[in-house]
Amino acid sequence: MVEMDVVVVGAGLAGLSAARKLVAAGKSVRVLEARDRVAGRNLGGFLSNGVPVERGGQWIGPTQTTVLELVAELGLETFASYESGDSLTILDGERIRYSDEYFGIPAEHLLEVGRLWARVEELAATVPPEAPWQAPDAHNLDRQTFDSWLTENTTDTVALRFFRFVVPAVFSAESSEMSLLHFLTYLKSSGNSLQTLLSLGGGAQERRVVGGTHQISERLASELGDSVQLGAVVRTISQNNEGVAVSYEDADASSIGVVTARQVIVAIPPTLAGRIRYLPALPASRDGLTQQIPAGAVIKFQVGYPTPFWREDGLSGFVASLDDAFNPVMDNSPPDASCGVLVGFLEGAHARTAAELSVTERRQIIVDTLVKYFGPQAAEPFDVVEQDWTAEEFTRGCYGGRLGAGVWTQYGKALAAPVGRIHWAGAEVAHVWNGYMEGAILSGRQAADEVLAAL
């Protein structure tokens, strides 16, 4: 039995940010993390030549000032994502090369894409991301999926295919799997610009951390020292008038422990938070929410080549395919270009289908598709590193949770609202840069403020 002021469940960016702020305020904290590592949905790895790659979240945008400041404070450095040269769009078997900001959309369809684009941003401007259910037309926006809105608003098949590419690229889910209100809320939380969400330079994919973003969490955890306990799988959270008791077991369920405290912050994805037993039971609204906020499905691939050969052809490495499962693809080479790395994704329905294949079969799909994009030089990578986030026991999917039709207006209030002594944090809870590292950090700090006020 251990007694603390606060227990934090989860040692990702949200949980560690909360713990850091609480410790700075003089409170005793215990962070319980189920994995044998910190960093949650950030995960480092290496190619066989020793070059570091990021198997999880990796990009930081220019308006994500909190994470940029934290990176600098912790002694880490960033570098610009590579984007020099032309990009590619694949449409009906045609390889379209372009250098503007219009994604290679043929002129006869571009006006309709632009009209829908502008209308989406216009609708998003009406949504308060801290309380989407209070949007002027919230119930109408929430009753329909984003896909049903698309089909009601256009008959242009290329425009439909383009936005059906955009949604998995951003959410790792299909446009038919989320409400229009959820899409708009996410967009508004990131500055209300689709261009920002989709771009490298000036956008959410502008910069990378030298050595990997997982180091942010590792350095935060190092500061916290023995306050962080790994291999502690939280099973039950009990609360009463005196405080909370958080019971956990180790990874192989061979031993159990209990930490008591005055408050607890649950800083894990909602779908995982819903698997903990709460005594007394959570309100029906919170329980209903966690039953309806599944994680996306994504398998991320890092493909290594001796050189970034596509640059020699004047290509940036960016590919958006309206035909193929494996996309988007980007240049993910190290800053010194000591080798070439292409990063790409199987997302949403494509990820769920591919998860049933063998590693060899998935690798063949990836390599064959890259040959289609970049030519025969892509046929012989020296390494293919994959990370299937749907198979991670303590993640169960990425990039984050999504809300289907009707969920925001029926259950949205429960997403961030404390339940007695229980507080919530995580990228899904943030109303600024929801779903991103920036949002995770801000949500952790907000939860810490709630706890400090309660204490």
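**Close-ups around helix α1**

**View 1. Helix α1 packed against helix α15.** In this predicted model, α1 and α15 (residues 437-454) pack with their axes 7 Å apart and at an angle of about 40°. Since angles under 35 degrees count as roughly parallel and 65 to 115 as roughly perpendicular, the two helices are therefore oblique to each other. The crossing of α1 past α15 is right-handed.

**View 2. Who touches whom between α1 and α15.** On the α1 side, the contact residues are Leu13, Ala14, Ser17, Ala18, Lys21 and Leu22. They meet a set from α15 that includes Met437, Ile441, Arg445, Asp449 and Leu452. By type, the residues of this contact split into ten nonpolar, three polar and three charged.

**View 3. The five-stranded sheet.** This sheet is open and its pairing is parallel, with the strands ordered β11-β3-β2-β15-β22. At the edges sit β11 (228-229) and β22 (422-424), each pairing on one side only.

**View 4. Zooming in on β15 and β22.** Strand β15 (residues 263-266) runs parallel to β22, and three bridges join the two.

**View 5. The annotated stretch.** The unreviewed UniProt entry lists residues 13-452 as "domain: Amine oxidase". Over that span the chain is 34% helix and 21% strand, and the C-alpha atoms at its ends are 19 Å apart.

Terms used:
Residues numbered from 1 in each chain as written. Predicted model: local features only at pLDDT ≥ 70, side-chain atom pairs only at ≥ 80, totals over all residues. Heavy atoms only, no water. Pairing = 2+ DSSP bridges. Helix = DSSP H or I, 4+ residues; strand = E, 2+ residues; numbered from the N terminus. UniProt positions renumbered as here; feature names shortened; annotations may be inferred. Axes fitted to C-alpha atoms, helices over the stretch in contact; angles between N-to-C directions. Parallel < 35°, antiparallel > 145°, perpendicular 65-115°, else oblique. Left-handed = near helix turned anticlockwise from the far one by under 90°. Contact = heavy atoms within 4.5 Å. Nonpolar A, V, L, I, M, F, W, Y, C, P; charged D, E, K, R; others polar.
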